[in-house]
Amino acid sequence: MAIRHPAIASKAAKAAKAARVAKARRHAAEGKNTVETPLSKSFTDPRDVLLKPVVSEKSYALLDEGKYTFIVDPRANKTQIKQAVQAVFSVKVTGVNTINRQGKRKRTRTGFGKRADSKRAIVTLAEGDRIDIFGGPTA
C-alpha cells in the first residue's frame, strides 16, 4: 500500500489517521497494550515452526561446526526459529541463517509443473551443545 503525501490525502483518510493517533495516545495514557500479535503470525506449538531436518551431504558436513539444518515454515522468522529449536531440543542457539528456496520446475507428460517452495534454516548452537536426532559425530 502506497503512502500518500499529507497534502494529497483525502479528508476521510486524514480523519481516520487522526482517530488512530488519538486512540493510540489514549491507550498509552491508560497503560493498555496496543500491540497484539494476530493469530495468523503466531505459532502455538514450536513444532509447527520446525517441519523436518535436512538430511544431505552438505548438512552433514556442517555438523562438525555445530550447525544444524532444518526445513521450516515459510512464514517463520529467525527469532521464532531460534525459540522453537531451544524449546524442542533444550539447547542454546547462537545464530540462525535462513534460505528461501524456489521449487524446481518439473516436466510431466501433460506439461510443466513446479515443486513447492521451501524455507531452510541453518541453526548454529553454542559450544558443547548438540542435537542427537541427526546421528552425527559423538565428539
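Lys 114 sits in strand E5 (residues 111-114). Strands here are DSSP runs of E, at least two residues long, and helices are runs of H or I of at least four residues, both numbered from the N terminus. The model is predicted, so local features need pLDDT of at least 70 and side-chain atom pairs count only at pLDDT 80 or more, while totals for chains, interfaces and linings use all residues. Residues are numbered from 1 along each chain as its sequence is written, and side-chain values use heavy atoms, with hydrogens and water left out.

**Two positions compared**

Contact means heavy atoms within 4.5 Å.

| Residue | Relative accessibility | C-alpha separation |
|---|---|---|
| Lys 114 | 53% | 9.2 Å to Gln 102 |
| Pro 46 | 25% | 9.8 Å to Lys 82 |

Lys 114 counts as exposed. Setting aside neighbours within four places in sequence, Lys 114 is in contact with Gln 102, Gly 103, Lys 104 and Arg 105. The Lys 114 side chain also makes a polar contact with the side chain of Asp 117, at 2.7 Å. A polar contact is a pair of N or O atoms within 3.5 Å; within protein, one must be able to donate a hydrogen and the other to accept it, and residues adjacent in sequence count only if both atoms are side-chain atoms.

Pro 46 lies in the loop between helix H1 (11-30) and E1. Pro 46 counts as partly exposed. Beyond four places in sequence, Pro 46 is in contact with Ala 84, Ala 87 and Val 88.

**The sheet**

An open antiparallel sheet is built from 4 strands, in the order E1-E2-E6-E3. Strands E1 (50-53) and E3 (93-101) are at the edges with a single partner strand each, so one side of each has no neighbour in the sheet. Two strands pair if DSSP finds at least two bridges between them. E2 (residues 67-72) and E6 (residues 118-125) pair over 6 bridges. Val 72 stands opposite Lys 119 in E6.

Helix H3 (residues 78-89) lies across E1, E2, E3 and E6, at about 120° to E3. Axes are lines fitted to C-alpha atoms, for helices over the stretch in contact; angles run from 0 to 180 degrees between N-to-C directions.

**The core**

The largest nonpolar core has 17 residues, and Val 85 and Phe 70 are among those with the most contacts inside it. E2, H3, E3 and E6 each supply at least two of its residues. Such a core is a set of buried Ala, Val, Leu, Ile, Met, Phe, Trp, Tyr and Cys residues joined through side-chain atoms within 4.5 Å.

Note on methods: Buried means under 20% relative accessible area, exposed over 50%, partly exposed in between (1.4 Å probe, protein chains only).
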